[in-house]
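Subject: Structure handover

Hello,

Here is the structure you are taking over. My notes on it follow below.

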Amino acid sequence: MNDTQTGAVPVRDAATVIVLRERAGAPHVLMGQRGATAAFMPNKVVFPGGAVDASDAGVPLARPLPPICAERLREDCAGDLAHALAAAAIRELWEETGLALGAPGTWPSAVPPDWAGFAARGLVPVADALQFVFRAITPPGRPRRFDARFFLVHAEAIAGDPDDFSDACEELSHLQWVPLAEVRSLDLPFITEVVLAEVAARAHDRTPPASVPFFRNDDEESLFLRLNGAGAA
């Protein structure tokens with residue numbers, strides 16, 4: 001993986017999933033609350049997500065990411081992590097919410113332990129509904145740092161009941177669909193508030209963006225760039 005050492009804290013590649021759902025004519029977003037004892041962002045209300053695992057690169061995807069998303073994910077990156085990031089996004093969504101981005105099918109090889117419950121539903125992961133919409137690196141000085149890629153997906157792509165969180169682990173509590181217009185009243189991390197502005201602008205757009213905001217924090221400076229096939233805008 002593209003872990004880099006910055007000072008004493010490594011920057012880990014990560015995937016975050018923003019699930020949007022139309023309810024009563026208004027867009028809602030799926031949020032959960034981190035525990036009070038969590039080392040990273042305790043008590044904050046967040047999107048599902050987490051670090052890429054080494055095994056994610058080998059997870060089969062019955063349908064891959066949209067080509068434009070894979071292309072943007074490869075920009076300003078030491079290696080091609082598009083597949084691993086997509087698999088991590090699907091895995092983290094499954095683990096933290098019990099919601100599956102999958103299609104009926106048989107795994108072509110042995111099922112990794114993290115995916116046993118997913119496969120038990122008769123599903124193989126699919127990534128074609130994911131839109132890569134934002135990238136941000138955690139600023140220096142935090143106990144953990146991530147190079148997080150944010151993926152937007154609409155709830156109709158979920159296999160099964162979008163209100164069924166029974167297979168979720170306990171990492172996030174109070175999983176709920178929050179009206180997009182009311183999310184900012186919750187205790188959010190700063191970067192989540194920034195990403196929500198991008199989500200609001202794309203709430204009814206099913207087309208992956210050609211240009212992706214990139215909030216890059218390194219030890220020297222913070223830069224707000226765009227991944228758009230032509231370098232920074």
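I start with the charges and rings. The charged end of Arg135 sits over the ring of Phe214, at 4.2 Å from the ring centre. Another arginine, Arg21, lies over the face of Trp177, and here the distance to the ring centre is 5.2 Å.

Please keep in mind that this is a predicted model. Mean pLDDT for the chain is 89, with 91% of the residues at 70 or more. Over residues 1-6 pLDDT stays under 50, although the model has 20 contacts beyond four places in sequence for them. Where pLDDT is low, the predicted coordinates should not be read in detail.

Next, the aromatic residues. The count comes to eight aromatic pairs. One of them joins Phe215 and Phe224: the ring centres are 6.0 Å apart and the planes stand at 50°, so the pair is tilted. Phe224 is partly exposed, its relative accessible area being 48%. Both residues belong to one aromatic cluster, together with Phe134, Phe150 and Phe190.

Last, helix H1, which covers residues 67-74. Its buried residues include Cys69, Ala70, Arg72 and Leu73. These cover an arc of only 165° around the axis, which puts them on the same side of H1.

Regards

Notes: Residues numbered from 1 in each chain as written. Predicted model: local features only at pLDDT ≥ 70, side-chain atom pairs only at ≥ 80, totals over all residues. Heavy atoms only, no water. pLDDT = per-residue confidence, 0-100. Contact = heavy atoms within 4.5 Å. Phe/Tyr/Trp six-rings, centres within 6.5 Å; stacked < 30°, edge-to-face > 60°. Buried < 20%, exposed > 50% of the residue type's maximum accessible area, 1.4 Å probe, protein only. Lys NZ or Arg CZ within 6 Å of the ring centre and 35° of its normal. Helix = DSSP H or I, 4+ residues; strand = E, 2+ residues; numbered from the N terminus. Arc of directions from axis to C-beta.
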